[in-house]
Amino acid sequence: MNLHDEALLTYDELEVLFFQVQRDKTLSWFGAFASPARQDDSAPLLSIAKKPYKDLILANSISVFDFRVYLLARQCTLLSSLGRVVEVGRKVVSFLSTFGLRLREMQVGHRYY
């Protein structure tokens with residue numbers, strides 16, 4: 001196992017833990033679900049340079065969306081460097097499907113309040 005494989009394993013474990021925390025509904029250490037910045041819609045989704053992700057994580061002020069984007073970006077970078085491009089596509093499709101569903105749920109729920 002090389003360094004990229006080990007790093008990918010760590011990010012995969014973080015993702016599994018995130019899903020467990022989400023399933024248990026114990027996301028209290030995150031900030032808001034999303035906290036869009038002024039230029040988020042024009043920045044590349046998988047750019048880890050567009051926000052100070054590590055600082056946000058250390059300060060426990062990262063949004064759920066930003067944390068998932070950070071994990072996805074790191075995983076995709078590592079998968080790409082390992083030549084596993086098909087897995088990059090699968091991860092991105094899964095991310096977009098999951099968050100699209102969550103945003104629709106939030107939109108529908110918001111209409112009733």
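The following paragraphs lead through the structure from its overall layout to its core and then to single residues. This is a predicted model, in which local features need pLDDT of at least 70 and side-chain atom pairs count only at pLDDT 80 or more, while totals for chains, interfaces and linings use all residues. Residues are numbered from 1 along each chain as its sequence is written, and side-chain values use heavy atoms, with hydrogens and water left out.

The protein has four helices and zero strands, where helices (H or I, at least four residues) and strands (E, at least two) are DSSP runs numbered from the N terminus. Read from the N terminus on, the order of elements is α-α-α-α. Of the 113 residues, 27% count as buried, a term that here means under 20% relative accessible area, with exposed meaning over 50% and partly exposed lying in between (1.4 Å probe, protein chains only). The protein exposes about 7700 Å², of which carbon and sulfur atoms supply 59%; accessible areas come from the Shrake-Rupley method with a 1.4 Å probe, and for residues only the protein chains shown count as cover. Among contacts (heavy atoms within 4.5 Å) between residues at least 6 apart in sequence, 67% join residues at least 24 apart.

Helix H3 (residues 64-81) is mostly covered, since 13 of its 18 residues are buried. Its end C-alpha atoms are 26 Å apart, which agrees with the 26 Å that 18 residues should span at 1.5 Å a residue, the expected span being 1.5 Å times one less than the number of residues. Just after H3, Gly83 takes a positive phi of about 75°.

The largest nonpolar core has 19 residues, and those with the most contacts inside it are Phe30, Val64 and Phe67. Such a core is a set of buried Ala, Val, Leu, Ile, Met, Phe, Trp, Tyr and Cys residues joined through side-chain atoms within 4.5 Å. The elements that give two or more residues to this core are H1, H3 and helix H4 (85-111), and the largest share, nine residues, comes from H3. Leaving aside neighbours within four places in sequence, Phe30 is in contact with Phe18, Ile62, Ser63, Val64 and Phe67.

Leu72 lies in helix H3 and is buried, with a relative accessible area of 2%. Beyond residues up to four places away in sequence, Leu72 touches Leu46, Lys91, Val92 and Phe95; the C-alpha atoms of Leu72 and Phe95, which are 23 residues apart along the chain, are separated by 7.8 Å. Glu15, in helix H1 (residues 3-23), counts as buried because its relative accessibility is 12%. With residues up to four places away in sequence not counted, Glu15 touches Arg68, Leu71, Gln75 and Lys91.

The loop between H1 and H2 contains Ala34, which counts as partly exposed at 37% relative accessibility. Ala34 touches Ser63 and Phe65, again not counting residues up to four places away in sequence, and Ala34 and Asp66, 32 residues apart in sequence, are 6.9 Å apart in space, C-alpha to C-alpha. Leu45 lies in the loop between H1 and helix H2 (53-58) and is partly exposed, with a relative accessible area of 31%. Together with Leu46 and Leu96, Leu45 forms a nonpolar patch on the surface, with about 220 Å² of accessible area together. Patches are made of residues with over 30% relative accessible area and no salt bridge, like charges being joined within 9 Å and nonpolar side chains (Val, Leu, Ile, Met, Phe, Trp, Tyr) within 5 Å; a salt bridge is a side-chain nitrogen of Lys or Arg within 4 Å of a carboxyl oxygen of Asp or Glu.
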